[in-house]
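Please examine the model shown here before reading the dialogue.

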Amino acid sequence: MAAGALLAGIPLAGMLMFERQRGQQTTESLSYYEQLHEQYSYASFFVLTRDVAAGEELTADMIRVQRVQSAENLSDVQSFTEEDLLGKRLKVSLTKGAALSTDVVYEGAPVADDERRVELRQVDLPQTLRENEYVDVRIAFPNGEDYLVVGHKRVYRMIRDDEGEVLALQLRLLEEELLRYQAACVDAKMYEDTGLYAVQYTGEFQPAAQVYYPVNRAVFRLLQWDPNIAELFVVEEEQERRALLETELAPYLLEKPDRSEETVDSDRPVGEEPDQTKEPLTLYTGLPEES
């Protein structure tokens, strides 16, 4: 009986030793994984659930949370909430699974293909104007006529000199708005006591005012074929209004062109070069005849 018990106890002792060794290995493995876990940093990111094009507004079904781990320290990763992303638009197109951050989104209307940052330096500014406010750019003529040139533009930056004086405004203008502004700058130089100025909106919620400034004939023709203009806005009967404006402003014209100099010299023999001693002419398009 003793021998039988001894023979039966050998396998049991072996099993007990195996289980003890296995438990020790499990404990060591757990300790190893705990140490390994402490070496990793964990963070949660918002990723896209589908491809999203630039300018598209983010909605809740486009975003999901994904937890990631890294051997690097992720404590400095910028933290933000889902509310910081919803309703914003992507600056660039991203594919499904791409991580989101506040650096790749913006708030507001979609950015047009022909929108550019422009610094305006020939505009009189209100003393109370601040960055991120909205303004209209207008032109005032000496006979009292006042026109809206560019409407409802956000002031993204006020460029100042070393003494704090404002040198220029940074706005975002479309191609058509830029051409209309340049046409207004020409008018400000051609007619005495004419100037460009900015007026502030009372609040961001106010709708944009309608542009009705009639540009000169040369810029009007350019507006028709400029390939960079995405959507053209032309006031009905704009050139008729421009002709009327130029007629009324004729007494204030600073430099009146001599129409007789614009004719071709038909008495010059064929092949003979024109007289280079004459001063070059500055030609203006669409100006009224000298009375």
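Predicted model: local features only at pLDDT ≥ 70, side-chain atom pairs only at ≥ 80, totals over all residues.

Student: What percentage of the residues in the protein chain is buried?
Tutor: A residue counts as buried when its relative accessible area is under 20%. The protein chain has 291 residues. Of these, the buried share is 30%.

Student: Are helix α2 and helix α3 roughly parallel or roughly antiparallel to each other?
Tutor: Helix α2 covers residues 175-190 and helix α3 covers residues 217-225; their axes lie 10 Å apart at an angle of about 170 degrees. Angles over 145 degrees count as roughly antiparallel. The relation of α2 to α3 is therefore roughly antiparallel.

Student: Which residues of α3 make the contact with α2, and how many residues of the contact are nonpolar?
Tutor: From α2, the contact draws on E176, L179, R180 and A183. The residues from α3 are V219, L222 and L223. By class, the contact has two charged residues and no polar ones, and the nonpolar residues number five.

Student: Where in the chain do R89 and E57 lie, and how many residues apart in sequence are the parts they tie together?
Tutor: The side chains of R89 and E57 form a salt bridge, with an N to O distance of 3.6 Å. R89 belongs to strand β3 (residues 89-90), whereas E57 sits in the loop between β1 (41-48) and β2 (63-70), so the bridge ties together parts whose separation in sequence is 32 residues.

Student: Which strand holds K153, the salt-bridge partner of E177?
Tutor: E177 and K153 meet through their side chains at 2.9 Å, N to O. Both residues are buried. E177 is in helix α2, and 24 residues away K153 is in strand β8.

Student: Which residues are linked in a network of salt bridges?
Tutor: E238 and R180 meet in a salt bridge of 3.1 Å, N to O. E238 lies in helix α4 (residues 238-249) and R180 in helix α2, so parts 58 residues apart in sequence are tied together. Both E238 and R180 are buried. The network of salt bridges links E176, R180 and E238.

Definitions and conventions
Residues numbered from 1 in each chain as written. Heavy atoms only, no water. Buried < 20%, exposed > 50% of the residue type's maximum accessible area, 1.4 Å probe, protein only. Axes fitted to C-alpha atoms, helices over the stretch in contact; angles between N-to-C directions. Helix = DSSP H or I, 4+ residues; strand = E, 2+ residues; numbered from the N terminus. Parallel < 35°, antiparallel > 145°, perpendicular 65-115°, else oblique. Contact = heavy atoms within 4.5 Å. Nonpolar A, V, L, I, M, F, W, Y, C, P; charged D, E, K, R; others polar. Salt bridge = Lys/Arg side-chain N within 4 Å of Asp/Glu carboxyl O.
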